[in-house]
Amino acid sequence: MTIALVSETSAEADDLSVWPASTTRLPHGGLAVGGVSLADIADRFDTPAYVLDEGEVRARCRTYRDTFPDADVLYAAKAFLSRTMVRWVAEEGLGLDVCSAGELELAVTSGFPPDRIVLHGNAKSPHDIESALRLGVGRIVIDSPSEIARLAALVGPRGRQKVMIRVVPGVSAGGHEKIRTGTDGQKFGLSLTDGSAQHAIARILTQPQLQLVGLHCHIGSQITDVKPYVAALRRMVGLMARVRDTHGLVLPELDMGGGHGIAYRPGEPSLDLTALARRLRIELAASCAAAGLGVPRLTIEPGRAVAGPAGVALYRVLAVKSTGDQVFVAVDGGMSDNPRPALYGVRYAPRLVGRHSTVPTRAATVVGRHCEAGDVLAADVELPGDIRPGDLLAVPVAGAYQLAMASGYNMVGRPPVVAVDGGTARLLVRRETLDDLRSRDIGE
């Protein structure tokens with residue numbers, strides 16, 4: 001589903017609907033999140049910086065647990081991961097899905113139970129698999145035929161590893177073509193339509209070291225419609241019935257992935273979790289009854305929908321200039337800390353905070369400091385006509401796939417992450433410094 005973009009008006013610029021629930025207005029145009037002034041955070045920790053509302057993260061975890069009481073909910077670590085995030089997720093009763101040895105080891109060394117972790121990845125390295133086996137990861141999702149024998153060999157003759165197989169169900173969904181993963185012609189999973197998934201299942205069942213416990217699919221990201229999930233679920237149950245009929249194996253687990261869409265700007269749609277849970281529950285029961293199957297344990301994997309709305313990015317304006325009819329507002333961050341606009345053309349709703357302007361708004365394009373014409377953070381947004389260097393801009397819905405995808409472009413250094421809760425701000429991840437960048441360069 002393509003998300004309809006809503007042009008921002010002055011009224012929408014004052015809309016806090018996409019901000020953390022704890023957001024409050026302060027005098028003179030300020031905002032506070034988690035009881036802490038964003039302007040004070042910028043002064044204390046400098047900019048650019050990411051603010052993460054602990055209460056919002058925890059509330060969203062609880063919403064998932066309450067909405068899907070009979071399912072396993074795994075937080076998708078790729079959205080954003082830190083030691084503190086691991087602790088919050090664990091305390092709220094969620095599992096984890098990880099995509100690398102790095103994510104896995106950070107989680108386990110932070111005290112997360114490895115048996116509540118699922119390892120994904122279309123091209124797992126030997127280090128990824130060895131770490132998963134050494135740490136005792138709960139599930140490994142097989143993504144290609146070549147993984148089967150390699151994984152079995154690493155498990156060894158006396159070992160036994162629970163695995164799932166990632167199936168491409170032939171369902172197209174997602175907010176952009178680069179994040180649609182439910183159809184053939186992309187790198188993830190094994191096709192249902194050409195028989196690749198069925199063939200891989202047969203191969204897995206010949207390996208005594210591997211215990212196939214279920215099927216997995218992930219049809220895309222930033223999905224705001226329930227229908228694609230229902231269509232995918234039907235096809236997955238159909239495959240489970242064929243596995244039973246062909247191999248006499250009743251699979252006890254079905255992982256429907258994540259990709260739950262959120263609103264980045266006022267007026268945009270988001271996925272209705274209550275509707276999703278109800279439709280999946282009804283469809284799963286009906287499809288299994290029709291196939292003569294017991295209902296498998298359902299798993300879902302939200303990432304963006306947990307972390308995204310809990311984050312706010314803070315930038316300081318460095319320059320303002322007009323080129324023809326366009327106004328460019330340049331800030332001290334950009335594509336090195338948020339590549340998503342350049343990758344997917346996503347749109348944000350930045351807001352002036354820290355001072356109140358009585359000047360009418362005008363259309364402006366917020367750009368970064370990097371040496372790329374495509375370094376645009378927010379195109380054609382309404383900002384006060386007197387926006388000037390030194391002003392503070394805050395961008396909501398910044399908690400997912402921003403710092404996690406950050407780079408070292410132009411050797412700027414990645415921003416810190418500051419947690420807020422109950423009127424207190426504390427540093428979770430420090431700012432990357434030039435010393436950090438230089439220390440990796442060991443050449444003469």
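Which residues does V167 touch, not counting residues up to four places away in sequence? They are L190, L192, A197, L215, H216, C217, M236 and L239, where contact means heavy atoms within 4.5 Å. The model is predicted, so local features need pLDDT of at least 70 and side-chain atom pairs count only at pLDDT 80 or more, while totals for chains, interfaces and linings use all residues. Residues are numbered from 1 along each chain as its sequence is written, and side-chain values use heavy atoms, with hydrogens and water left out.

- V167 sits in strand β9, residues 161-168; strands (E, at least two residues) and helices (H or I, at least four) are DSSP runs numbered from the N terminus.
- With 2% relative accessibility, V167 counts as buried; buried means under 20% relative accessible area, exposed over 50%, and partly exposed in between, using a 1.4 Å probe and protein chains only.
- T193 is 26 residues from V167 along the chain, and their C-alpha atoms are 9.9 Å apart.

**Nonpolar cores**

- A nonpolar core here is a set of buried Ala, Val, Leu, Ile, Met, Phe, Trp, Tyr and Cys residues joined through side-chain atoms within 4.5 Å.
- The largest nonpolar core has 128 residues, and L38, Y75, M85 and L215 touch the most other members.
- Helix α9 supplies the largest share of this core, ten residues.
- A second, separate core has five residues, among them L74, V141, M164 and V213.
- Leaving aside neighbours within four places in sequence, L215 is in contact with M164, I165, V167, I201, M236, L239, M240, L251, E253, L254 and D255.

**Helix α9 with helix α10**

- Helix α9 (residues 227-247) packs against helix α10 (residues 273-291) at an angle of about 30°, with axes 10 Å apart; axes are lines fitted to C-alpha atoms, for helices over the stretch in contact, and angles run from 0 to 180 degrees between N-to-C directions.
- That angle makes α9 roughly parallel to α10; angles under 35 degrees count as roughly parallel, over 145 as roughly antiparallel, 65 to 115 as roughly perpendicular and the rest as oblique.
- The α9 and α10 crossing is right-handed, the term used if the near helix is turned clockwise from the far one by less than a right angle.
- On the α9 side the contact is made by Y229, V230, L233, R234, V237, A241 and R244, and on the α10 side by L276, R279, L280, E283, L284, S287, C288 and A291.
- These contact residues of α9 and α10 comprise ten nonpolar, one polar and four charged; Ala, Val, Leu, Ile, Met, Phe, Trp, Tyr, Cys and Pro count as nonpolar, Asp, Glu, Lys and Arg as charged, and the others, Gly among them, as polar.

**Helix α3 with helix α10**

- Helix α3 (residues 54-67) and α10 have axes that come within 10 Å and cross at roughly 30°, and α3 and α10 are therefore roughly parallel.
- This crossing of α3 and α10 is right-handed.
- T63, Y64 and T67 of α3 meet L273, T274, A277 and R281 of α10, a contact of three nonpolar, three polar and one charged residues.

**Backbone points to check**

- Most residues other than glycine have a negative phi, and most peptide bonds are trans.
- The T47 to P48 peptide bond is cis, with omega near -10°, and P48 is in the loop between α2 (38-45) and β4 (49-53).
- H28 has a positive phi, near 65°, in the loop between β1 (24-25) and β2 (31-33), and counts as exposed at 65% relative accessibility.
- Y401 also has a positive phi, near 55°; Y401 lies in the loop between β19 (392-396) and β20 (417-421) and is buried, with a relative accessible area of 14%.
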